[in-house]
Amino acid sequence: MSRKNTIRNKELSEDVQEEMSDAVEEKVEETQDFIRTIFSPGRISTYLVTKNLPFVAFLVLLTLIYISNRHLAERTVRQIDRLGKEVKELSWDYKSLSAELMKLTTQTEIAKRADTLGLKERTEPPIKLEVLKEER
C-alpha cells in the first residue's frame, strides 16, 4: 500500500510512512496517559473537591446571574418591539383622527351642521358699531 503526499503528489517512502505512524501512535498513548492521570483516584481527592467547592459555587452563581440577565434582556427587547408596534398604531390613529377633524372643521361642513340646527350662514359682512361717549 502506497500513500501519496497531498502537497507534492509523490509517494511516501516506507521509512517516512513508518515514522509517521509511530509518531501518531506515540501521541495517542501520551493523550491516553494524560487522561488516565487526571482522572485517577489519587489525583481527584475529596480534599481537592472540598478545597475548590467555593470556586465552583461562585461559577454556578455567575452562570445563574448570566442566564437571568439574558432572560431579562430578551424580555426587554420583546417589550420594546411590542411598544414600538403600539406607537405605530397610535400614530396611525392620530393621523386618521386629525384628518377627520380637519375635514369636519372646514367652512362647508360647519355650515351643513349649523343648517341642521336651524342656523343660517351670514351672507353680508358684519357691521361695525361705534359707541359715542358723551362729554360732561
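A salt bridge here is a side-chain nitrogen of Lys or Arg within 4 Å of a carboxyl oxygen of Asp or Glu. The side chains of K112 and E109 meet this criterion, at 3.7 Å from N to O. The structure is a predicted model, in which local features need pLDDT of at least 70 and side-chain atom pairs count only at pLDDT 80 or more, while totals for chains, interfaces and linings use all residues. Residues are numbered from 1 along each chain as its sequence is written, and side-chain values use heavy atoms, with hydrogens and water left out.

**Overall fold and surface**

- The chain contains three helices and zero strands, where helices (H or I, at least four residues) and strands (E, at least two) are DSSP runs numbered from the N terminus.
- In sequence order the pattern is α-α-α.
- Of the chain's 136 residues, 2% count as buried; buried means under 20% relative accessible area, exposed means over 50%, and partly exposed lies in between (1.4 Å probe, protein chains only).

**Salt bridges**

- The whole structure holds three salt bridges.
- In helix α2 (residues 46-104), R70 and E74 are four residues apart, about one helical turn, and their side chains form a salt bridge at 3.1 Å from N to O.
- E74 also pairs with R78, with the closest N and O atoms 4.0 Å apart; R78 and E74 are likewise both in helix α2, four residues apart, about one turn of the helix.
- E74 is partly exposed, at 33% relative accessible area, and R78 is exposed, at 53% relative accessibility.
- K112 and E109 both lie in helix α3 (residues 107-116), three residues apart, about one turn of the helix.
- Through shared partners, salt bridges join R70, E74 and R78 into one network.
- In the K112 and E109 pair, K112 counts as exposed at 55% relative accessibility, whereas E109 counts as buried at 17%.

**Surface patches**

- Patches are made of residues with over 30% relative accessible area and no salt bridge; like charges are joined within 9 Å, and nonpolar side chains (Val, Leu, Ile, Met, Phe, Trp, Tyr) within 5 Å.
- For charges, Lys and Arg count as positive and Asp and Glu as negative, while His and the chain ends are not counted; the place of a charge is taken as NZ of Lys, CZ of Arg, CG of Asp or CD of Glu.
- E14, D15, E18, E19, D22, E25, E26, E29 and E30 form a negative surface patch.
- One of these residues, E19, lies in helix α1 (residues 14-38) and is exposed, with a relative accessible area of 56%.
- A nonpolar surface patch consists of L53, F55, V56, F58, L59, V60, L61, L62, L64 and I65, which together have about 930 Å² of accessible area.

**Annotated region**

- An unreviewed UniProt entry places the feature "coiled-coil region" at residues 80-107; UniProt positions are given in the numbering used here, feature names are shortened, and annotations may be inferred rather than shown by experiment.
- In the model, residues 80-107 are 93% helix and 0% strand, and the end C-alpha atoms are 43 Å apart.

How values were computed:
Accessible areas come from the Shrake-Rupley method with a 1.4 Å probe; for residues, only the protein chains shown count as cover.
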